[in-house]
Amino acid sequence: NFCKEDGSHLHIMDLNTNHYIENNLAPYKNVSYHRGLSEDLFKNFTHQGKTKEFLDFAYIDGNHMSKHVLEDAVNAFYCLKPGGVIVFDDYGWGANDPVHHQPKTGVDSFVYAYGAYLEVISVGWHVMLKRNTYDMTDQEKQANYYTNWNPK
């Protein structure tokens, strides 16, 4: 249902595959299944030659340890277009586990660090965030050592 518009494409990253997954994806030409660890796959993740800002939507539901949730969020953020949406599954999972085993810790860390670039759409078992554009003020740039930096 996500890829009904011309030129749309669905990328799936997962550690596992099986006959069921392969059969269900086989009829679709606009779906790519990337098998492996997301932290490895994101290193070379591209779409039509783009390495940044090419996704409209990212859904994170993998390893529940906060470290992995945070890494997936940061990696997905750079692939997400401004205005794109990122959704986290299982936000409340493992509430009685140590905090480093809880997806919530990774999601919250991401929101704290990237908050100026995000709009919170909803928080529940799923957390939905929209990527916004943000440009530092001149004062912020100066305070963060960007005063004489010119990337061009």
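Q: Start with the largest pocket. How much space lies in it?
A: About 1500 Å³, in this predicted model.

Q: How many residues line the largest pocket, and which lie nearest its centre?
A: The lining has 43 residues. Leu10, His11, Ile12, Met13 and Tyr59 lie nearest the centre.

Q: Which elements give two or more residues to that lining?
A: On the strand side, β1 (10-14), β2 (31-35) and β3 (55-60). The helices are α1 (19-25), α2 (38-41) and α3 (66-79).

Q: And which gives the most?
A: That is β3, with 6 residues.

Q: How do the lining residues divide by class?
A: There are 21 nonpolar, 13 polar and 9 charged residues in the lining of the largest pocket.

Q: OK, the second largest pocket. What lines it?
A: Lys52, Glu53, Phe77, Tyr78, Pro82, Ala113, Tyr114, Tyr117, Arg131, Asn132, Thr133 and Tyr134. About 340 Å³ of space lies in this pocket.

Q: Which elements give two or more residues there?
A: Helices α3 and α4 (103-114).

Q: What's the split by class in the second largest pocket?
A: Its lining has 7 nonpolar, 2 polar and 3 charged residues.

Q: Arg131 is on that lining list. Where does Arg131 sit?
A: In strand β6, which runs over residues 127-131.

Q: Is Arg131 buried or exposed, and why?
A: Buried, because its relative accessibility is 10%, and the cut-off for buried is under 20%.

Q: What does the side chain of Arg131 reach?
A: The backbone oxygen of Phe77, at 2.9 Å. Phe77 also lines the second largest pocket.

Q: What else does Arg131 touch, leaving out residues up to four places away in sequence?
A: Besides Phe77, Arg131 touches Glu53, Tyr78, Leu80, Lys81, Pro82, Gly83, Gly84, Tyr117 and Leu118.

Q: Switching to α4. Which of its residues are buried?
A: Pro103, Gly106, Val107, Asp108, Phe110 and Tyr114. Tyr114 is also in the lining of the second largest pocket.

Q: What do those buried residues pack against?
A: Helix α3, plus strands β4 (80-88), β5 (118-123) and β6.

Q: What span should α4 have, and how far apart are its end C-alpha atoms?
A: At 1.5 Å a residue, its 12 residues should span 16 Å. The end C-alpha atoms are 17 Å apart, so the two values agree.

Notes:
Residues numbered from 1 in each chain as written. Predicted model: local features only at pLDDT ≥ 70, side-chain atom pairs only at ≥ 80, totals over all residues. Heavy atoms only, no water. Helix = DSSP H or I, 4+ residues; strand = E, 2+ residues; numbered from the N terminus. Buried < 20%, exposed > 50% of the residue type's maximum accessible area, 1.4 Å probe, protein only. Polar contact = N/O pair within 3.5 Å; in protein donor to acceptor, adjacent residues only side chain to side chain. Contact = heavy atoms within 4.5 Å. 1 Å grid on protein atoms, 1.4 Å probe; cavity = no way out; pocket = protein on both sides within 12 Å on 5 of 7 lines; lining within 4 Å. Points joined across faces, edges and corners; volume = space filled by probe spheres on them. Nonpolar A, V, L, I, M, F, W, Y, C, P; charged D, E, K, R; others polar. Expected span 1.5 Å × (residues − 1).
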